[in-house]
Amino acid sequence: MIKFNSSPEPTIGVEIELQLVDNKNLNLNNISKKVLADVKKEFSDNIKCELIESMIEINTNICSNIEEVEKDIRKTLNHLNEILINYETEINCTSLHPFAIGKNQIITDNLRYKRIMKDLQMVGKRFISQGLHVHIGISNPEDAIKVNNALRVYLPLLLSLSTSSPFFEGEDTGLHSYRTKLFEALPLAGMPDYLNNWNHFENLTEHLEGAGIINSVKDLWWDVRPHPGFGTVEIRVCDIPITFKEIIAIVALIQALVVTLIKAEPIPDTHIQILQSNKWQAARYGLEGVFVDPKTFKKLTIRKAIENLFLLTEPTMISLGSKKYFKILEGILNDSTGSTKQRNLYNKSKNFQYVLKDLKEKFYK
């Protein structure tokens with residue numbers, strides 16, 4: 001039996017994986033061990049190590065609403081930035097550093113990470129990506145499965161709104177989210193299968209553990225997964241938006257979508273090929289992609305599908321008091337995401353350092 005620690009309210013928890021970038025050359029800086037040694041005790045649960053020492057993860061506390069999330073993240077970032085000043089280092093919020101080389105990164109001295117890297121080999125050495133993970137509280141395990149299934153349809157749209165990883169090791173990949181493709185190279189990663197009920201999830205997890213394929217639910221690197229320990233559904237598909245306000249707005253949209261889906265009728269099983277095709281369109285073309293409606297099999301633009309998503313979630317955002325974030329979301333849709341903005345900056349300058357400096361200056365605007 002896997003206990004689901006119920007969350008009576010749609011609480012929010014956010015995890016953001018950040019790049020540590022040297023101020024001088026703007027390359028990744030392997031200093032997380034030093035940074036973590038300087039973290040004040042009150043932030044010990046909010047600033048943590050990640051797979052490589054040029055990354056660091058910040059976590060919120062359990063938040064009741066999106067305003068709490070905003071204050072929590074800002075407070076943690078302020079403390080982290082105070083520490084980084086001493087190392088002439090700053091954070092970068094994109095899902096791939098544009099020119100850093102994977103083999104130059106140092107694996108964090110952590111038993112789990114070392115076990116993972118021993119297994120992944122070359123795949124792991126190339127895996128220097130960062131993501132945005134959002135937990136939303138769910139009251140019971142069956143609702144967690146219902147929402148997990150339904151979210152699969154909307155994951156490509158959330159990815160499209162957040163794409164920020166067009167470059168890898170100094171090359172333009174041609175994709176808006178190359179992080180997505182790096183991540184899918186990992187075992188048990190990507191779009192999950194349909195789950196019949198909580199018992200189905202329990203049996204699957206227990207069989208995978210019994211066969212030695214995973215050690216725990218944490219090794220299921222799905223784009224969305226139930227998290228029994230936290231009593232949440234965890235949405236893991238998103239790249240990291242390039243500005244603070246866009247990060248908060250995407251989190252607000254995710255909370256509203258989960259609350260909407262809890263109240264809606266269950267979505268029947270959707271063929272995985274449709275879901276994967278929609279996700280490919282999001283990763284490859286971003287907002288300019290094509291979306292196939294899983295119910296009708298009709299094509300529409302991803303932009304139109306996102307407009308429909310906004311219409312679906314607007315009443316819930318109003319009830320949650322987060323409607324003001326709609327303007328930011330509409331701004332992304334009517335303009336562009338971080339991937340396009342990075343490409344435009346690079347095409348203008350032919351200089352990745354210029355791109356990173358511009359992103360830094362605009363992060364809090």
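Student: What should I know about the model before we start?
Tutor: It is predicted: local features need pLDDT of at least 70, side-chain atom pairs count only at pLDDT 80 or more, and totals for chains, interfaces and linings use all residues. Residues are numbered from 1 along each chain as its sequence is written, and side-chain values use heavy atoms, with hydrogens and water left out.

Student: What makes a space a pocket, and what makes it a cavity?
Tutor: Both are sets of points on a 1 Å grid over the protein atoms alone. In a cavity a 1.4 Å probe fits but cannot get out. A pocket is an open set with protein on both sides within 12 Å along at least five of seven lines. Lining residues have an atom within 4 Å of a point.

Student: What is the volume of the largest pocket?
Tutor: About 1000 Å³. Of its 41 lining residues, Glu15, Glu50, Glu57, His133 and Lys218 are the closest to the centre. A volume here is the space filled by probe spheres set on the points, joined across faces, edges and corners.

Student: Which element gives the largest share of that lining?
Tutor: S1, with five residues. Helices (H or I, at least four residues) and strands (E, at least two) are DSSP runs, numbered from the N terminus.

Student: How does the lining of the largest pocket divide by class?
Tutor: Into 14 nonpolar, 15 polar and twelve charged residues. Ala, Val, Leu, Ile, Met, Phe, Trp, Tyr, Cys and Pro count as nonpolar; Asp, Glu, Lys and Arg as charged; the others, Gly among them, as polar.

Student: Where does H10 kink?
Tutor: At Thr313, by about 45°, shortly before the proline Pro315. The bend is the angle between axes fitted to the seven residues ending there and the seven starting there.

Student: Which residues of H10 are buried?
Tutor: Ile302, Ala305, Ile306, Leu309, Phe310, Thr313, Thr316 and Met317. The buried residues of H10 pack against elements including H5, H8 and S12.

Student: Why is Arg74 called partly exposed?
Tutor: Buried means under 20% relative accessible area, exposed over 50%, and partly exposed in between (1.4 Å probe, protein chains only). Arg74 has 33%, so it is partly exposed. Arg74 lies in helix H2.

Student: What is Arg74 in contact with, beyond four places in sequence?
Tutor: Phe244 and Tyr364, where contact means heavy atoms within 4.5 Å. Arg74 and Tyr364 are 290 residues apart in sequence, and their C-alpha atoms are 9.9 Å apart.

Student: How many cavities of 30 Å³ or more does a search of the whole structure find?
Tutor: One. The largest cavity has a volume of about 40 Å³. Its lining has two nonpolar, one polar and four charged residues, and H6 gives the largest share, three residues.
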